Amino acid sequence: MFMATSVVPHDRFHLSYSHMMFILLTITSVFVLPTSSTSRGTLDQYRHDSTLRNGFRINLNHVDGAGNFTKLELVQRGMNRGKHRLQRLSALAVTSVDDAIKSQVHTGSGEFLMSLSIGTPPTSYLAIMDTGSDLIWTQCKPCTECYKQPTPIFDPSTSSSFSKLSCTNTLCRALTASMCSDNACEYLYAYGDDSTTQGIMASETFTFGDPSSKDKSASISIPNVGFGCGNDNEGGGFTQGAGLVGLGRGPLSLVSQLGTGRFSYCLNSIDSTQTSSLLFGSLANLVNTTTSDNEIQTTPLIKNPSQPSFYYLDLEGITVGETLLSIPKSTFQLKPSGSGGFIIDSGTTITYLQKTGFNAVKKAFIWQMKLTVADSSTGLDLCFNLPNSVSEIDVPKLIFHFKGADLDLPGNNYMIADSDLGLVCLAMGASNGLSIFGNVQQQNMLILHDLEKEVMSFVPTKCDQL
């Protein structure tokens, strides 16, 4: 059983004993598409379409949403899935700029599935959302090698809007690994868990929302989206979906191709039964999300030439309880070599802090929690024994001090209780070099990525009511 929590000033942690089922919408259908054209076309004209300008919403489901797992089990499963991702991110954190630019390996995988359709006529499938990479891709027929996926594999020959990209196309040139065959752009994209996708770059119509709905505002179809049509896809990192949608800062990503300049997401608690939201265009705003401008926290986005896809933030310090910890500012700073730094990532489950910073946080929690430290095998670095027959506990405040923004986290965004095990654990860990703000810490916040102003904003939000 898990312990659901709510937080009041000084973060009183309320414990209950009921399981939460997360309902995952499964979609059965096929992909569609091709023509013989080799030109991609352009999104420039479509960017002025009123529907796209007005914005659209995509529902997100946690990859473990269909399982009957406790909150702690969900975190553990996410950590296990993400261990290769963390290793790869840690390796990137100590890589020089020149070496990183030559690197052909990306972070890969993710924790949330998005519903969309591809082709004309549109066929529905689930794709992994990843803010740590750029390429949009799906498995395509004919398959040389394809992994098992929950929906039929996309057949380009059934779609009238499919078109291969030429080798001179700007998206082809943006790839780190590509080659030209009969003037068609062939790609290879590798991920940190040794998964790979290889195939033809193409353009296609992507539909977001429900294309079968009589309400025309319920979906939006966007033509000429560049994506990888993968005929050779190997590895076990993507079996929850039929491909991946990159939301990084590079030119291949969906947000860059749409050209709307901003997107936001709002993640429900990891054990919630409700879908989360991904918002584009004018829907990606802070209007009607808060009654006070003081609740909006905005911090600059930092660019790293060696890792241009990642969303880096300037973390200046951390407060636990009433104590600003004595952590050198250089601990979380991006180094001139391109190593180190602090990123926000939807595909990493818990927050990982550079070892010096994490040790300071761990020491402060041990000092302030007033509970005995547990010797646990949960996979989390710091757990405490829960007193018998307790319904609530007090936990110290946790505040992340970004440049220009103080992010005061609610207790259930960093403490996870399990009544069966009699434990309450800190949902954070240590890393080598790079620090990562994980999705458990992001839950029930609207997080706006404004790529035009180069800022990120956080607003406390009831995501199931957005």
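Residues are numbered from 1 along each chain as its sequence is written, and side-chain values use heavy atoms, with hydrogens and water left out. Because the model is predicted, local features need pLDDT of at least 70 and side-chain atom pairs count only at pLDDT 80 or more, while totals for chains, interfaces and linings use all residues.

With the bonded cysteines of the protein chain numbered in sequence order, the pairing reads 1-8, 2-3, 4-6, 5-7, 9-12, 10-11. Among these links is the one between cysteine 140 and cysteine 229, whose sulfur atoms are 2.0 Å apart. Its S-S torsion is about -115 degrees, so the disulfide of cysteine 140 and cysteine 229 is left-handed. Cysteine 140 sits in the loop between strand 6 (136-139) and strand 7 (163-164), and cysteine 229 in strand 11 (residues 219-234), so the pair ties together parts that are 89 residues apart in sequence. Helices (H or I, at least four residues) and strands (E, at least two) are DSSP runs, numbered from the N terminus. Both cysteine 140 and cysteine 229 are buried; buried means under 20% relative accessible area, exposed over 50%, and partly exposed in between (1.4 Å probe, protein chains only).

A left-handed link also joins cysteine 143 and cysteine 146, with -65 degrees about the S-S bond and sulfur atoms 1.8 Å apart. Cysteine 143 is partly exposed at 35% relative accessible area, and cysteine 146 is partly exposed at 23%.

For cysteine 167 and cysteine 180, the sulfur atoms are 1.9 Å apart. Here the torsion about the S-S bond is about 90 degrees, so the disulfide of cysteine 167 and cysteine 180 is right-handed. Cysteine 167 counts as buried at 16% relative accessibility, whereas cysteine 180 is partly exposed at 46%.

Three bridges join strand 21 to strand 26 (residues 423-426), and asparagine 385 has leucine 423 of strand 26 as its bridge partner.

Terms used. Disulfide = S-S within 2.5 Å. Pairing = 2+ DSSP bridges.
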